[in-house]
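Visitor: I have a sequence and a 3D structure to read. Please show me how to go through it, feature by feature.

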Amino acid sequence: MATKQSISLAFLVMLVMVMGSDAGGIAIYWGQNGNEGTLAETCATGNYEFVNIAFLPTFGNGQTPMINLAGHCDPYTNGCTGLSSDIKSCQAKGIKVMLSIGGGAGSYYLTSKEDARQVATYLWNNFLGGHSSSRPLGPAVLDGIDFDIEGGTNQHWDDLARFLSAYSKQGRKVYLTAAPQCPFPDAWVGGALKTGLFDYVWVQFYNNPPCQYSSGDAVNLEDAWKQWTSSIPAGKIFLGLPASPAAAGSGFVPVPDLTSTVLPAIKGSAKYGGVMLWSKYYDDQSGYSKAIKSHV
């Protein structure tokens, strides 16, 4: 029989866990620089709750889908299947690992609803819970798909989201995330985000002067944040930032400004999920995530 003391201790632990769940997390992009350490090392830092493997930049319109992980591995020789054990080690730590499709430079667009269905089937069989003899990252089952759509057309991303989401009925949830630009609505995935199927949306508040932070002035960012959090039916919204000044053309927020001005202004929102950073390579250079983690 449990003592009163052990019951109250268990209650306290539960309370801390429940209260802690409101705290934000950090999402990171990994995969576009061979000098950023392994995926397993990325997760072992303890700084991140989400890792987006970047990218699958070629798909749709009948193209053979192809991942590109820069200097990490060669997909043309099945050289990326070894990542499977890294993915599993990340997931064992409670970190969600997504495959990011699209990116700033790629050859991707969807020509029809049927094209979207075929891409969803490919993603399910090759990266999620389905089966294929040619899984590029090996047998590990990723947690979901990240839409980093920055080109092509704005058509049929809603269809792709619906087809992918439907696979959740097969027993394991397929998480959907997206990385729209901060001008609202996003030119590429604005329509898809209206479906309400996205769990996490990390809005890119950089390379977009009208809605990003600029030295000492957070008004534009705050206004855009309010618009995003009040208009998008998503689980949580994240503040997407460059991890160092070199990571983007504009929009870097120095750590003191982020912790004293920006985060206090946006954390009150019920939709606040945390901070997304581009990318692991730049975070290694700056130590940004480590510096902000206790404030996020």
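Guide: Start with one pair of residues. G240 has M276 in β10 as its bridge partner. Keep in mind that this is a predicted model.

Visitor: Which strands does that pairing belong to, and over how many bridges do they pair?

Guide: Look for the two strands and their direction. Strand β9 (residues 236–242) pairs with β10 in the parallel sense, over 6 bridges. Another bridge partner in β10 is Y272, which goes with I237.

Visitor: How does the chain get from β9 to β10?

Guide: Follow the path between the strands. From β9 the chain passes through helix α8 (residues 255–266) and then reaches β10. This β-α-β crossover is right-handed.

Visitor: Which other strand is joined to β10, and how do the two run?

Guide: Strand β1 (residues 25–30) is joined to β10 by 4 bridges, and the two run parallel. For a landmark, find I28, which stands opposite L277 in β10.

Visitor: What do the strands close into?

Guide: Trace the pairings from strand to strand. Here 8 strands close into a barrel, with parallel pairing. The order is β1-β2-β4-β6-β7-β8-β9-β10. From one strand to the next, the twist averages 25°.

Visitor: Where does helix α7 lie?

Guide: For a helix, ask what lies under it and at what angle. Helix α7 (residues 219–231) lies across β8 (200–204), β9 and β10. Its direction is about 145° to that of β9.

Visitor: Is strand β10 mostly covered or mostly open?

Guide: Count its buried residues. In strand β10 (residues 272–278), 6 of the 7 residues are buried, so the strand is mostly covered.

Visitor: Why does S289 count as buried?

Guide: Compare its accessibility with the cut-off. Buried means under 20% relative accessible area. S289 has 1% relative accessibility, so this residue counts as buried. S289 is found in helix α10 (residues 288–292).

Visitor: Which residues is S289 in contact with, leaving aside neighbours within four places in sequence?

Guide: Those contacts are I26, N47, Y48, L277 and D283.

Visitor: How many residues are in the largest nonpolar core?

Guide: That core has 76 residues. L137, F147, W157, L160 and F205 have the most contacts inside it. Helix α4 (residues 113–127) gives the most to this core, with 6 residues. Apart from this core lies another, of 14 residues, including A27, A54, F238 and M276.

Visitor: What does L137 touch?

Guide: Skip residues up to four places away in sequence. Among those L137 touches are I53, I67, L69, F127 and L142.

Methods
Residues are numbered from 1 along each chain as its sequence is written. This is a predicted model: local features need pLDDT of at least 70, side-chain atom pairs count only at pLDDT 80 or more; totals for chains, interfaces and linings use all residues. Side-chain values use heavy atoms; hydrogens and water are left out. A nonpolar core is a set of buried Ala, Val, Leu, Ile, Met, Phe, Trp, Tyr and Cys residues joined through side-chain atoms within 4.5 Å. Buried means under 20% relative accessible area, exposed over 50%, partly exposed in between (1.4 Å probe, protein chains only). Contact means heavy atoms within 4.5 Å. Two strands pair if DSSP finds at least two bridges between them. A crossover is right-handed if, with the strands pointing away from the viewer, the path from the first strand over the helix to the second runs clockwise. Axes are lines fitted to C-alpha atoms, for helices over the stretch in contact, and angles run from 0 to 180 degrees between N-to-C directions.
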